[in-house]
Amino acid sequence: MFHLVLFGPPGSGKGTQSVRVAEKFNLVHISTGDIFRREIREKTHLGVKVQGIIERGELVSDELLIEIMESTLNQHPEVAGFVFDGFPRTLRQASDLDALLDKRGGEVDMVVALEVDDREIINRLLKRAEIEGRKDDTREVIENRIAVYNSQTQPLIEYYKKRGQFTPVNGIGSIDEIFASICRVVEYYL
Ligand code: AMP
């Protein structure tokens with residue numbers, strides 16, 4: 001079973017690329033952001049609980065994340081593997097994921113990180129706000145999400161580098177170019 005984390009700041013193109021990578025390598029795509037947005041749309045108990053947090057650009061609690069992750073993995077018992085998009089986002093989530101995969105006889109095999117600078121990210125997210133109208137794509141919330149990424153998520157780079165699993169990929173270029181770079185590193189690993 002292959003477990004790939006597609007890592008990067010908000011607006012780095014993780015979502016777009018994860019879908020394509022999952023399709024190409026026959027993996028199940030898990031986007032925690034998509035899961036939350038669906039729950040909010042359907043006004044479920046979970047959706048109501050996380051709506052305010054997401055609209056402010058803050059992080060949902062680690063406890064909730066690992067619970068969601070465990071039940072999502074359990075929904076796909078016989079698959080070739082998973083692409084994690086937007087998860088893990090804290091050191092606690094990373095170690096919880098390790099424990100969860102270990103229990104299932106697997107591990108994080110590879111972390112592919114899309115590298116994009118802050119200015120480009122802000123521009124992309126503002127553009128996405130116009131197109132998709134996501135509530136967490138206003139300038140103020142975008143800046144908060146980047147600050148949250150820098151303080152809580154960036155430490156994961158060291159965490160995965162130490163284990164030799166961190167593979168940076170240039171996140172600037174056309175969608176096809178970036179996809180080709182990701183495929184190259186994944187194929188090299190496989
Ligand atoms: P995304 O679409 O990945 O940018 O996620 C949208 C929002 O959902 C984030 O800004 C967080 O509020 C929440 N979220 C998604 N994934 C996580 C996670 N792994 N940990 C905490 N909050 C998350």
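Biologist: How far is the side chain of Q93 from a nitrogen atom of the ligand?

Modeller: An N or O atom in the side chain of Q93 lies 2.9 Å from a nitrogen atom of the ligand; a polar contact is a pair of N or O atoms within 3.5 Å, and within protein one must be able to donate a hydrogen and the other to accept it, while residues adjacent in sequence count only if both atoms are side-chain atoms. The side chain of R89 likewise places an N or O atom 2.9 Å from a ligand nitrogen, and G86 brings a backbone N or O atom to 2.9 Å from a ligand nitrogen. On its own the ligand exposes 470 Å², of which the protein buries 96% (Shrake-Rupley areas with a 1.4 Å probe; for residues, only the protein chains shown count as cover).

Please bear in mind that this is a predicted model, in which local features need pLDDT of at least 70 and side-chain atom pairs count only at pLDDT 80 or more, whereas totals for chains, interfaces and linings use all residues. Residues are numbered from 1 along each chain as its sequence is written, and side-chain values use heavy atoms, with hydrogens and water left out.

Biologist: Which helix gives the most to the shell around the ligand?

Modeller: Helix α2, residues 32-41, gives the most, with four residues; helices (H or I, at least four residues) and strands (E, at least two) are DSSP runs numbered from the N terminus.

Biologist: Where is T153, and is it buried or exposed?

Modeller: T153 belongs to helix α7, residues 139-153, and is buried, with a relative accessible area of 4% (buried is under 20%, exposed over 50%, partly exposed in between, with a 1.4 Å probe and protein chains only). A polar atom of the T153 side chain is 2.7 Å from the backbone oxygen of R89.

Biologist: Which residues of α1 are buried?

Modeller: They are K14, Q17, S18, V21, A22 and F25. Seen down the axis of α1, these buried residues fall within an arc of 135 degrees (taken from the directions from the axis to the C-beta atoms), so they line one face of the helix.

Biologist: What should I know about backbone angles, and what is phi of N26?

Modeller: Most residues other than glycine have a negative phi, and most peptide bonds are trans. Here N26 has a positive phi, near 60 degrees, and lies in the loop between α1 and β2 (28-31), where N26 counts as exposed at 61% relative accessibility. K43 also has a positive phi, near 55 degrees, and the peptide bond from F87 to P88 is cis, with omega near 0 degrees.
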